[in-house]
Amino acid sequence: MLREAILQALDGGRTAHQLVERIQRRWWTHGYARALAEGQLASPVGTAVALVRPSTDCPDPMCEDGVTLHLDDGCPKCEQRRMDRRRGQVPGPREKGPAPQWWECDGPGCTTAGKGPRPADGLCWQCQERVEEAAAQTAVQGVSATLAAEADAAEEAARLRQTIRWARMLDEAYTEHAERGRTAQEQAEAQRQAEADAEQVRILREQLLREHPELAAYAQEQT
């Protein structure tokens, strides 16, 4: 019974991934999870069939429990059928669409077969998830590499700035040292010049006194 229900669901044009989503949705929205928790789930096989089997209330084959799959919106035919019921009219049967075709997954090493519309990339939902995970991992690695490169660049820039600061400090220190050296040298030279000038004045004074002895008393007064 359950096998036939699964085959019937796949014959209705649903992929395996869509069938899994149907089971998960009905398990919660139809109250089976709560019934299991309360110990009121009488028939596990009957529950499994109810979770898998196609919805027979709507004539639109693309309707999935009141939602049109390709539009992801409320099914207008379900709404019309609800209005017809309120008026006492009997809804018509589900429309028969074209028989779904089988297709094989193009994923490397994948042997999964699907039924219904073939995905644009030719991959089953498992391969699609693997591709998405690989792309996400590649993106994360790319971001990590970019951040690492930016961190290395920032560290190199900081090291270069520190090197420039040290070079500037050393240059200023050398300049100050040279200026201090020149100042000491100039002071020594001025001292030597002053001593030489004083000696020259002394020699001239002695010569002047020898030539003019009468100025000796005046010279003593000046000193």
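Predicted model: local features only at pLDDT ≥ 70, side-chain atom pairs only at ≥ 80, totals over all residues.
Figure 1. The structure holds zero disulfides. Cysteine 63 accordingly takes part in none, and the nearest cysteine sulfur to it belongs to cysteine 78, at 3.5 Å.

**Figure 2. The surroundings of arginine 26.** Arginine 26 is placed in helix α2, which covers residues 16-29. The residue counts as buried because its relative accessibility is 3%. Two backbone oxygens lie close to its side chain in this view. That of arginine 53 is reached at 2.6 Å, and that of alanine 50 lies 3.0 Å from a polar atom of the arginine 26 side chain. When neighbours within four places in sequence are left aside, arginine 26 is in contact with Gly31, Tyr32, Ala50, Leu51, Val52, Arg53, Pro54, Ser55 and Asp65.

**Figure 3. The salt bridge between glutamate 64 and arginine 22.** Glutamate 64 and arginine 22 form a salt bridge in which the closest N and O atoms are 2.6 Å apart.

**Figure 4. Aspartate 65 and its partner arginine 25.** Aspartate 65 is found in the loop between β1 (63-64) and β2 (67-68). Its phi is near 55°, a positive value in a residue other than glycine. Aspartate 65 forms a salt bridge with arginine 25, and the closest N and O atoms of the two are 2.9 Å apart. This pair, too, links distant parts of the chain: the aspartate is in the loop between β1 and β2, the arginine is in helix α2, and they are 40 residues apart. Aspartate 65 counts as partly exposed because its relative accessible area is 28%, a value between the limits of 20% and 50%. Arginine 25 is also partly exposed, with a relative accessible area of 29%.

Figure 5. Glutamate 189 and arginine 192 form a salt bridge, with 2.5 Å between the closest N and O atoms. Both residues lie in helix α6 (residues 125-211), where they are three residues apart, or about one turn of the helix. Glutamate 189 counts as partly exposed because its relative accessibility is 42%. Arginine 192 is also partly exposed, at 47% relative accessibility. Elsewhere, salt bridges with shared partners join Arg22, Arg25, Arg26, Glu64 and Asp65 into one network. The structure holds five salt bridges.

Figure 6. Leu2, Ile6 and Val45 make a nonpolar surface patch of about 210 Å². One of these residues, leucine 2, lies in helix α1, which spans residues 2-11. Leucine 2 is partly exposed, with a relative accessible area of 33%. This residue can therefore belong to the patch, because patch members need over 30% relative accessible area.

Figure 7. The protein chain has seven helices and five strands. Along the sequence, these elements follow the pattern α-α-α-α-β-β-β-α-β-β-α-α. Of the 223 residues in the chain, 18% are buried. The accessible surface comes to about 16,900 Å², and carbon and sulfur atoms account for 57% of that surface. Among contacts with a separation of 6 or more, 40% are between residues 24 or more positions apart.

Definitions and conventions: Residues numbered from 1 in each chain as written. Heavy atoms only, no water. Helix = DSSP H or I, 4+ residues; strand = E, 2+ residues; numbered from the N terminus. Buried < 20%, exposed > 50% of the residue type's maximum accessible area, 1.4 Å probe, protein only. Polar contact = N/O pair within 3.5 Å; in protein donor to acceptor, adjacent residues only side chain to side chain. Contact = heavy atoms within 4.5 Å. Patch = residues over 30% accessible without salt bridge, like charges linked within 9 Å, V, L, I, M, F, W, Y side chains within 5 Å. Areas by Shrake-Rupley, 256 points an atom, 1.4 Å probe, with all protein chains shown as cover. Salt bridge = Lys/Arg side-chain N within 4 Å of Asp/Glu carboxyl O. Disulfide = S-S within 2.5 Å.
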